[in-house]
Amino acid sequence: MTAVTSVPPLLTVQDLTVDFGSPARSVRAVDGVSFDLRPGETVGLIGESGSGKSTIVRAVLRLLPEGTRVTGQIRFGDVALLEASEKMLRPMRWKAMAFVPQSAMNSLDPVRQVGRQIVDVIRAHEKVSSRDAWERARVALASVGIDPSRATDYPHQFSGGMRQRALIAMSTILKPKLLIADEPTTGLDVVVQDQVLGELQRVCREQTIATIFVTHDLGVAAEMCTHLVVMCRGVAVESGRVEDVLVRPQHSYTQALLHSTRARLVSEKPRQGDPR
Amino acid sequence: MSIHGDPTTAVLPASSDVIVSVRGLSVEYAAGRGLAALRGHRRFTVLDDVSLEIGRGEVVGLAGESGSGKSTLANVLVGLAPASGGQVSIGGREIVELPASGWRELRRRVQLIYQDPFDSLNPRFSVFRAVAEPLLAQGGSSRERIGEAVHEALRRAELPPAEYVHRYPSQLSGGERQRVSIARALVLDPEVIVADEPVSMLDVTTGHQIVRLLRRLADEQGVSILLIGHDLGVLGQCCDRIGIMYLGRLVEVGPADRVLEEPRHPYTAALLAAIPSADPEMRRQRVELPGEPPSPTHRPLGCPFHPRCPRADVFCTENNPQLQATGTGQAAACWHPLDASDLP
């Protein structure tokens, strides 16, 4: 981001380019994207499907499939993430950077108690007794508005919103420096979405977690993010502070996105014979 | 649902040509599993006394949280859920207790579009086969007739047939898949299309196009559409009337602009207030709607919304309100409806 500040960036993505497929028939999913993220900031990656936002996130998490060609640099603190070995990455996952995926149903183990899954995360990284870990899991669930007595429930006993909140509790339990949330409220009802976003914002503020927030909803982005990167076909067409991007968009694609969102909110009813 | 107070047109379509008529519809499911469910000692209500009509060429939207019963209503209309009480008719034909043989004929009149265009198309079927399937299931069409009907349906869904008939779902974008689903629904030339969250999995601009397509099908071809969705912005774009459901009841219904701009039910107001604003300079208040979304297995007594309602009093805990005309064109089921002074 362009903001002048003495705080060094926590995450620097520089000239990131990702190609899928064989070298002969490759598809460029991300093309020369750069951005910085400082502690306490939330950068929103916005754009439509196929624009490359989730690919950027997977590159940062090093979750891209083998054979994907990635160039550029991603620095997280002192670590060059793209060059880091799996052995170096393993202790960082959950502990230094955590991930809230899109579909809470598919990312919780259906045959393991929700609390147990949080305990697993704690005990994979810290030498604590099972009893203490369970206690921390209950406190974490309570902090996102879930009755601690539900810690021994299985995921199917939770509503969609509760599962997503449980994932927020799980992903922040080790107080990571960086949280990556990929469309964390897709599929939730609007009232529940509002509650989940509120929890996420509160937890991140309390722990000054830097967040990468992937969304296609400009309304959600406007409320959650301090900075935005607008993605279109793998290219960052515009980036900057949220107020600048949304109030004075420079790029025509941002203007078009914003127009369709605004049009939605004023409920413009298309008339008969309206051009497509 | 009986309407008290002034006669209201809120649950009635603007045109007199009623295609879908739902009167006092209730749906109950048995609780428990196995034998306990069969005995049916414990039952819970997922739709409670719902009345709604849809006119020819009218688009009616239904919104509400998960578990509010909107998909159950859709399923009753296409014969996938059994009604426990009330009357439902499509094109004058009563569908409650309709035998399976009657449904075969009725399928020509009412078709469903599903939410997920990635799951609702068989990946091994070409577009041609997917769209032809309802005709094949109905039987009695010649090969030539099927070919013509598939091409016509694809054209109505605004997909050039020659380009698409040989493709497979994996070669299509989400928006194209949803258009194939729409073509599949149109191939029987139905009077009614029930669309259950057809755009919630799509991008904003793609969803926008699908909604506009549905609107055109209604305006230009007289198809009646029940559009189920949770995005009030999308419903507002396309619907003539909107109904808001909460825990199996229709709590507010009326012309789309009235319901969205001057909601009378506190729940409608909460739904509207929960929509994030894309204007970073306009900070909205986060809605205080306490508690989890309700479950039909634990229905509160009285007004179903009272445990979460900021306006509820003791009376609301014991008495379930009926839909009443509000004098502004819509009807709301609330003892303490909002009025103009409550609006921001």
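**Exercise 1. Cavities**

Task: find how many cavities of 30 Å³ or more the whole structure holds, and state what lines the largest cavity.

Solution. Step 1: a search of the whole structure gives three cavities of 30 Å³ or more. A cavity is a set of points, on a 1 Å grid over the protein atoms alone, where a 1.4 Å probe fits but cannot get out, and lining residues have an atom within 4 Å of a point. Rolling a probe the size of a water molecule over the atoms shows where empty space is left.

This is a predicted model, in which local features need pLDDT of at least 70, side-chain atom pairs count only at pLDDT 80 or more, and totals for chains, interfaces and linings use all residues. Residues are numbered from 1 along each chain as its sequence is written, chains are lettered from A and ligands numbered from 1 in the order in which they are written, and side-chain values use heavy atoms, with hydrogens and water left out.

Step 2: the largest cavity holds about 60 Å³ of space, where a volume is the space filled by probe spheres set on the points, and grid points are joined across faces, edges and corners.

Step 3: its lining consists of C303(B), F305(B), H306(B), C309(B), A312(B), C316(B), C334(B), W335(B) and H336(B).

Step 4: sorted by class, the lining of the largest cavity has seven nonpolar residues, two polar and no charged. Here Ala, Val, Leu, Ile, Met, Phe, Trp, Tyr, Cys and Pro count as nonpolar, Asp, Glu, Lys and Arg as charged, and the others, Gly among them, as polar.

**Exercise 2. Chain B and its helix α4**

Task: describe chain B as a whole, then state which elements the buried residues of α4(B) pack against.

Solution. Step 1: chain B has 12 helices and 12 strands. Helices (H or I, at least four residues) and strands (E, at least two) are DSSP runs, numbered from the N terminus.

Step 2: of its 344 residues, 55% count as buried. Buried means under 20% relative accessible area, exposed over 50%, and partly exposed in between (1.4 Å probe, protein chains only).

Step 3: among contacts in chain B with a separation of 6 or more, 67% join residues 24 or more positions apart. Contact means heavy atoms within 4.5 Å.

Step 4: helix α4 of chain B spans residues 127-138, and its buried residues are V127(B), A130(B), V131(B), A132(B), P134(B), L135(B) and Q138(B). These pack against α3 (100-106), α5 (143-156), α6 (161-164) and α7 of chain B.

Step 5: after α4(B) comes G139(B), with a positive phi near 75 degrees.

**Exercise 3. A buried arginine**

Task: locate R184(B) and find the nearest side chain of opposite charge.

Solution. Step 1: R184(B) sits in helix α7 (residues 174-186) of chain B.

Step 2: R184(B) is buried but has no salt bridge, and the nearest side chain of opposite charge, E133(B), is 8.3 Å away. A salt bridge is a side-chain nitrogen of Lys or Arg within 4 Å of a carboxyl oxygen of Asp or Glu. For charge, Lys and Arg count as positive and Asp and Glu as negative, while His and the chain ends are not counted.

Step 3: with neighbours within four places in sequence set aside, R184(B) contacts Q111(B), Y114(B), S120(B), L121(B), A130(B), V131(B) and P134(B). Among these, A130(B), V131(B) and P134(B) are buried residues of helix α4.

**Exercise 4. Salt bridges**

Task: how many salt bridges does the structure hold over all chains, and how does D153(A) take part?

Solution. Step 1: the count over all chains is 30.

Step 2: D153(A) lies in the loop between α5 (130-143) and α6 (160-172) of chain A. D153(A) counts as buried because its relative accessibility is 13%.

Step 3: the side chain of D153(A) forms a salt bridge with that of R150(A) (2.4 Å, N to O). R150(A), at 25% relative accessibility, is partly exposed.

Step 4: D153(A) and G115(A), 38 residues apart in sequence, are 7.6 Å apart in space, C-alpha to C-alpha. Beyond four places in sequence, D153(A) contacts Q113(A), V114(A) and F158(A).

Step 5: in chain B, E152(B) and R155(B) form a salt bridge (3.7 Å, N to O). The two are three residues apart in helix α5 of chain B, so about one helical turn separates them.

Definitions and conventions:
On a 1 Å grid over the protein atoms alone, a cavity is a set of points where a 1.4 Å probe fits but cannot get out, and a pocket is an open set with protein on both sides within 12 Å along at least five of seven lines; lining residues have an atom within 4 Å of a point.
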